[in-house]
Amino acid sequence: MTWTILGGALLLTLLTGAVLGASLGLAGFFLLEFQAGGATDLAITSVWNVFTDFTLSAVPIFIILGDILLASGVSTRIYNGLTPLFHRIPGRLLHTNIAVTTIFGAVSGSSTSTAAAIGSVGYPELSRRGYHKPTIVASLAAGGTLGLLIPPSLSLLIYGATQNVSIGKLFLAGILPGLIIAMAFGVYLMLISLIKPELTPSDEVKPGRREILQGLAQIWPLPILIFFVLGTIYLGLATVTEAAAMGVVAAILLGFLWGDLTPKKLWGSFLSSTVIFGAIAMILLGTIILAQAISILGLPRDLVDYIATLGLSKYEVLLLVVLVYLLLGCFFDGISLLLMTLPISFPLMMALGFDPIWFGVIVTILMEVGMITPPVGLNLFVLVTMTNREVDLGQAAWATAPFWLVMVFSIGFFTLFPEIVLFLPSFY
């Protein structure tokens, strides 16, 4: 009966056109009022506790950091600096898209911001040179998803803050999987370029060693920014929130001294970040209320008991969870999907004995998959819009399908070899 009420309340509120956060919160209040004896005061207390948590304040700060980097043109300098490095590899500048999105993800934390920042530079440049346009979009969309995994990651930060998991360990856990997936993307681009040479122009002039070194020298401030954001955390010099704040200060200085940041652009970044965090906070508020209702009513425990009667192994249950995430990823953006599902999926996976650090990385990869899955693949929509419809959504989705498969197979790989995910966190 409780599950029926939960599903019905969610469906009813969503059908009325209410935003996701309101739908989740109203469903939670409905359960608390009519199934849990009016325990709504506990939900209000939980909302207060989460929103006054010092760690959670890092979320809007990291959003501001990404917006400042986007507005300052730093992404353009990074892209131009790395471009000469890949001319001699099959796939050529398509690798630049993967490399720069990976690096940008190490200071941005947002998938869509990463795709937009690098796409605004990469698509015009590569299309002008004669590269296959859907493949350009696919490489940018797939590379942009790494912004969710490569630390600092908004999804890992929210996952750790809401589920009381070490954010420092989660950030370390995202490094190797992120790099492995980036390299797998690169291998695919090499293979497809060898099979279909028409995807890349044949008349490009290859830069010499001196041009390569000059390009790399242009991005010298980037390691400084990465140190402020990540190095201070791992050296124990700052908390996640303090490191995010130092990253914002460093990004502003680099933006004015090295990029094209102006006071007007900086103010626009603050306004944009406020809107984005407001949307995330609304979903988080509804999720906290719903999670409180689910916890009081013991739904995760009931679900575990029910699964036990089915005789499924923990990995069969994991497969079902993965399939549910892949399905929901077709309709919800990454952060919404994360917040909406964690009240059920996290207790379930912990009860089955999965590591919370490992599961955080797996959930984040599943969110990445959703970012390039139609009909609500945000990265695809952002990049298709940026092409002025030179590439339609169908072409972009088809070209992105191999990258989708790489990420899905990576989940199986990290399930077989979880020590890859847990290796770096073991030293923290």
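Predicted model: local features only at pLDDT ≥ 70, side-chain atom pairs only at ≥ 80, totals over all residues.

Q: How many salt bridges does a search of the whole structure find?

A: Side chains of opposite charge can pair when their charged atoms come close. The search of the whole structure finds 3 salt bridges.

Q: Which side chains does E125 meet in salt bridges?

A: E125 pairs with R128 at 2.8 Å, N to O. E125 also forms a salt bridge with R129, where the closest N and O atoms are 2.7 Å apart. R128 is 3 residues from E125 in helix α7 (residues 111-129), so about one helical turn separates them. R129 and E125 are 4 residues apart in helix α7, again about one helical turn.

Q: Is R128 buried or exposed?

A: R128 counts as exposed because its relative accessibility is 59%, and the cut-off is over 50%. R129, at 28%, is partly exposed.

Q: Which parts of the chain does the pair K133 and E390 link?

A: The side chains of K133 and E390 meet in a salt bridge (3.4 Å, N to O). The pair links distant parts of the chain: K133 is in helix α8 (residues 133-145), and E390 is in the loop between α19 (378-386) and α20 (393-416), 257 residues apart. Salt bridges that share partners join E125, R128 and R129 into one network.

Q: Which residues make the nonpolar surface patch?

A: Y306, L310, L312, L319, L320 and L323 make a patch of about 570 Å². The most come from α16, with 3 residues. L312 lies in the loop between α15 and α16 and is partly exposed at 32% relative accessibility.

Conventions:
Residues numbered from 1 in each chain as written. Heavy atoms only, no water. Patch = residues over 30% accessible without salt bridge, like charges linked within 9 Å, V, L, I, M, F, W, Y side chains within 5 Å. Areas by Shrake-Rupley, 256 points an atom, 1.4 Å probe, with all protein chains shown as cover. Salt bridge = Lys/Arg side-chain N within 4 Å of Asp/Glu carboxyl O. Helix = DSSP H or I, 4+ residues; strand = E, 2+ residues; numbered from the N terminus. Buried < 20%, exposed > 50% of the residue type's maximum accessible area, 1.4 Å probe, protein only.
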